[in-house]
Amino acid sequence: MTHDSLRQSLCEHLAWWGFKHFSSDRDYFAWQRQRLSSEDLKRLAFHAEQKRRGDRHDEIMFYDLAAHPKIRPVLYSQRYEYYEEIGVRATAHLSQAKDVLDFGCGIGVLTTFYARLFPEKNFVGVDRSSASIAVARERTDKLGLRNLRFECVDVEVEPLSGSYDLVVATHALVQAEQDLGLPSRSWRTFERGHNLSQQRSFEERTGLAVRLDGLCRIMNSSGRIIVSEKTRQLARRVPLQRALANRGLQLAERPIMIRYRTVEEVVDDGPFYVLDRGGEATLNWDEEPEQDQGPLFNPDAVSMSAGDVDVPLYENHWPSAQAAWEGLKDRQVIRETTRQASDGRQVHAERGSSRGRHYLYCANTFDQRQLVIVEEARSAMLDEYYQEIIRELP
Ligand SMILES: C[S@@+](CC[C@H](N)C(=O)[O-])C[C@H]1O[C@@H](n2cnc3c(N)ncnc32)[C@H](O)[C@@H]1O
């Protein structure tokens, strides 16, 4: 099957599920208003908030509600492009497998797609939301699929059974989006120390340890696992990667960053990992920040005076601002502050000068960087920013 025809059949599958693709948020919301009452929307917003703040019961209640026939198409249509991105990529790895587990399969949107494409392979979908599993089973019956079954299991409570040569876990291992992850060793570096208790704490509070250990137990000794989570930020990416590596999982191919559109935002997600168990490790884990869009700093190309009074001579709000700051010649610090917040975050703010220009640099241990450079005549502006930042520091 070519890439285009695969995408086409995935779109037909999503249409069969009743999901719609919207390229305009306005059209989506107009459709949402036709389908859901304001009471429905309030209920949904309430449970989404409970899920964000609460425990496993709140999460299960949210997914049970999401499976409701009225809510389902509206909510899951928001994930249309996500399904396209993940579905097409994961399918490329199914042909080498025989027994496949889709962990945290939800209502089985992608599981049913995989099973339709590969009738000669065996698929099992597992999820802890009983309403989601009921929908998945009903849809499987409608499709007449004989190579797919679903189990309602919470791996935090009971073990998984069976033996699989491929496990797919997409948006199911580290969903605690509010968890910032692992801070760097200090504001000066993006490097994470090897602090076992910090790593363990991340794995435990996000539920990653128990889920991953459960999956490793049912994978064949030469099994493969596909993982894609909301772990694009370095602080979340590093502990996920270390959790995978510590369990003997190795990169089978270079991870790919995922980007797709949902309602009201473009989501930078992933990476999409394909991992093997055992064998020789041929690819290294990348713990560096991603290449970013921050402009390079070339002191000779930056003028000594303002063109537009509202625009600094140089401005970079990306991790690459650190390299620009390190490269400032004859850097003289005028004032600086470093503070430690209760969440473990260390924040640094610095006002200084470099060869006649003035700068403000801010950095923290969750990889945020900011460098602004102006000429001498506008340096008071940086003093004001600096004071503002200091006032807001913990
Ligand atoms: C964001 S949804 C993703 C669903 C599906 N994988 C997809 O990509 O559309 C996460 C799913 O993982 C399930 N899940 C989370 N923790 C689980 C656990 N400990 N055991 C079983 N299922 C779990 C949730 O119930 C939910 O349906």
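I take a polar contact to be a pair of N or O atoms within 3.5 Å. The model I am examining is predicted.

**Entry 1**

A nitrogen atom of the ligand has a backbone N or O atom of G104 at 2.6 Å. I then turned to the cover: on its own the ligand has 590 Å² of accessible area, and the protein covers 96% of it.

**Entry 2. The shell around the ligand**

Which elements give two or more residues to the shell? I found α4, residues 56-66, and α6, residues 80-91. I recorded 20 residues around the ligand, of which Y82, G104, D127, D154 and T170 come nearest. By class, I list eight nonpolar, seven charged and five polar residues in the shell.

**Entry 3. Strands β1 and β2**

I next followed the pairing of two strands. β1 covers residues 99-103 and runs parallel to β2, with five bridges joining them. As one of the partners I noted V124 in β2, which is bridged to L101. Is β2, at residues 122-127, mostly covered or mostly open? I find this strand mostly covered, since five of its six residues are buried.

**Entry 4. Cysteines**

How many disulfides does the model contain? My count is zero, with a limit of 2.5 Å between cysteine sulfur atoms. For C216 I checked the reason: the closest cysteine sulfur, in C105, is 19 Å from its own sulfur, and this is too far for a bond. I also looked up the accessibility of two cysteines. C216 counts as buried because its relative accessibility is 9%.

**Entry 5. V263**

Where does V263 sit? I place this residue in the loop between β7, residues 256-262, and β8, residues 265-277. Is V263 buried or exposed? With a relative accessible area of 15%, V263 is buried.

Key:
Residues are numbered from 1 along each chain as its sequence is written. This is a predicted model: local features need pLDDT of at least 70, side-chain atom pairs count only at pLDDT 80 or more; totals for chains, interfaces and linings use all residues. Side-chain values use heavy atoms; hydrogens and water are left out. A residue is near a molecule or strand if one of its heavy atoms lies within 4 Å of it. A polar contact is a pair of N or O atoms within 3.5 Å; within protein, one must be able to donate a hydrogen and the other to accept it, and residues adjacent in sequence count only if both atoms are side-chain atoms. Accessible areas come from the Shrake-Rupley method with a 1.4 Å probe; for residues, only the protein chains shown count as cover. Helices (H or I, at least four residues) and strands (E, at least two) are DSSP runs, numbered from the N terminus. Ala, Val, Leu, Ile, Met, Phe, Trp, Tyr, Cys and Pro count as nonpolar, Asp, Glu, Lys and Arg as charged, and the others, Gly among them, as polar. Buried means under 20% relative accessible area, exposed over 50%, partly exposed in between (1.4 Å probe, protein chains only). Two strands pair if DSSP finds at least two bridges between them.
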